[in-house]
Amino acid sequence: MRAKRFFLSLLLMVAVAPILTAQNRASLITAWPGSEIYELCGHEAIRISGPDIDSVWNFGIFNFNEPNFVGRFVKGETDYSVAGYPFAWFPGEYINAGRRVEEQVLNLSPEEVEKLHKLLIRYSQPPLNRYRYNYIKNNCSTKIADLLDSVAGGPVIYPDTTRFSTYREAMRGYHINYPWYQFGIDVALGSGLEEEISPREELFIPVEFNRHAASAQLPDGRPLVAYTNVLYQGRSDAVAPPTPFLLTPLWVSIVVATVSLILIAVCWRKNVVPKIWYAFFFGLAGLAGCLVAFLIWFSSHAATSPNLLIFFLNPLQLIIPLSLWWKPMRYPLNAMMWLNIASVGMLLVLFPIFDKGQSGQTSLLILMATDVVLAAYYLRTVFAEEKKDGHKNSRRPASKGSRGSKKSNYKAKRR
């Protein structure tokens, strides 16, 4: 009897299986990092597939040819778009670039999949199809995480572990082969990137989203992911190879510091300032300072303020190259050198204490120390000139008029 019941149950399961598998399903599609700057953290999308549909929904669409795209990006006013299209169009781009692609089929009920599908259709229609992009708070990955919370009826529960402690550490982990890109981030973005991030916040990186999702649970305790398909294994050349040390910001900063010391040693006895080198060094610092100041006071990007580097990289540095060959600007130039010694010197001491993230960029510390040394040498030459001029004046012979007046005074005393 038991065998008969088991056989009937098995037949029922086999008969029902085609009906169950005929339902639409939702998947997370994760593309691993590529070689372009905007591909360094990977990409995330949603797939809705079933008997009559196979579509992908992409939250990372932008048009680089839009008017003033770069200017608006710097100001933090970049808008990204949401679009749905046939899934067959999606993976080819990543496969051709050698980027690994994984599909995580979500453990959602047919009703939840339908709800998700309707939300995707809604958000792909104007005006909801455009959103203000933010690289750590509102991107292709975090938008999908928010959608899953809405569909599940509450926050998805992710494992209580993180690979990275801060946003900056996470960026450095994925930008390791792009040191100049990370150097730019460390210059432009201040202490806001030092916030400790939770597992939920770490989802801003698509590959980390993939890792967290694998062990996540829905609010009712169901696993978020039913199973995983590797759609493409990927190639090792999908990302750029490590940058040679001789082309890194650290090496360039060492070269700049070394050239500065050599020029000071050569010019020391002559008591002259290598003006062309000063114009180059402080000119670049001033131009970088214009960008830092703009990001602090005018950009709406996250984490651009506060930024302690404003005490080193600021527009006032441009006073130096503009004043080196103009004598009337001698006193403002001297004042600027004193200001550099005070502000940058203070920054060198306090930077590692108050902002350990940015100060981890060793090349910045080397350049700051070089700034102080160049400013100190300039003031040394000024003092040496003044001392030399004062010594010459003290040894200058008295004029005839002065000798005559002394002689007449002597005669007057004798009378």
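The buried residues of helix H8 (residues 206–214) are covered by several elements, including strand E1 (25–31), strand E2 (43–49), strand E5 (101–106), helix H5 (140–152), helix H6 and strand E7 (225–232). Here, helices (H or I, at least four residues) and strands (E, at least two) are DSSP runs numbered from the N terminus, and contact means heavy atoms within 4.5 Å. H8 is mostly covered, with seven of its nine residues buried; buried means under 20% relative accessible area, exposed means over 50%, and partly exposed lies in between (1.4 Å probe, protein chains only). The buried residues are Pro 206, Val 207, Glu 208, Phe 209, Asn 210, His 212 and Ala 213.

The model is predicted, so local features need pLDDT of at least 70 and side-chain atom pairs count only at pLDDT 80 or more, while totals for chains, interfaces and linings use all residues. Residues are numbered from 1 along each chain as its sequence is written, and side-chain values use heavy atoms, with hydrogens and water left out.

For the protein chain as a whole, 15 helices and seven strands are found. Of its 415 residues, 44% are buried. Among contacts with a separation of 6 or more, 77% involve residues 24 or more positions apart. The chain exposes about 22700 Å², and carbon and sulfur atoms supply 63% of that area; accessible areas come from the Shrake-Rupley method with a 1.4 Å probe, and for residues only the protein chains shown count as cover.

How do the helices pack against each other? Two packed helices are described by the angle between their axes and the distance between the axes. Axes are lines fitted to C-alpha atoms, for helices over the stretch in contact, and angles run from 0 to 180 degrees between N-to-C directions. Helix H6 (residues 167–174) and helix H7 (residues 179–188) pack at an angle of about 165°, with their axes 10 Å apart. That angle makes H6 roughly antiparallel to H7; angles under 35 degrees count as roughly parallel, over 145 as roughly antiparallel, 65 to 115 as roughly perpendicular and the rest as oblique. The H6 and H7 crossing is right-handed, a term used if the near helix is turned clockwise from the far one by less than a right angle, whereas anticlockwise gives a left-handed crossing. On the H6 side, the contact is made by Arg 168, Met 171 and Arg 172, and on the H7 side by Gln 182, Ile 185 and Asp 186. By class, this contact of H6 with H7 holds two nonpolar, one polar and three charged residues. In this grouping, Ala, Val, Leu, Ile, Met, Phe, Trp, Tyr, Cys and Pro count as nonpolar, Asp, Glu, Lys and Arg as charged, and the others, Gly among them, as polar.

H7 is largely enclosed by the rest of the structure, because seven of its ten residues are buried. Those buried in H7 are Pro 179, Gln 182, Phe 183, Ile 185, Asp 186, Val 187 and Ala 188.

In H4, Glu 112, Lys 115, Leu 116, Leu 119, Leu 120 and Tyr 123 meet Leu 147, Ser 150 and Val 151 of H5. The contact of H4 with H5 divides into six nonpolar, one polar and two charged residues.

Phe 351, in helix H12 (residues 330–354), counts as buried at 0% relative accessibility. Leaving aside residues up to four places away in sequence, Phe 351 touches Leu 308, Leu 309, Lys 356, Gln 358, Ser 359, Leu 365 and Met 368. Leu 250, in helix H9 (residues 249–267), counts as partly exposed at 30% relative accessibility. Leu 250 touches Phe 245, Thr 362, Ser 363 and Ile 366, again not counting residues up to four places away in sequence. The C-alpha atoms of Leu 250 and Phe 183 are separated by 9.4 Å, and the two residues are 67 residues apart along the chain.

The loops also hold backbone details. A cis peptide bond, with omega about 0°, joins Pro 126 and Pro 127; Pro 127 sits in the loop between H4 and strand E6 (130–132). The peptide bond from Ser 305 to Pro 306 is cis as well, with omega near 0°, and Pro 306 lies in the loop between helix H10 (275–297) and helix H11 (319–323). In the loop between H9 and H10 lies Asn 271, whose phi is near 55°, a positive value in a residue other than glycine. Asn 271 is buried, with a relative accessible area of 17%.
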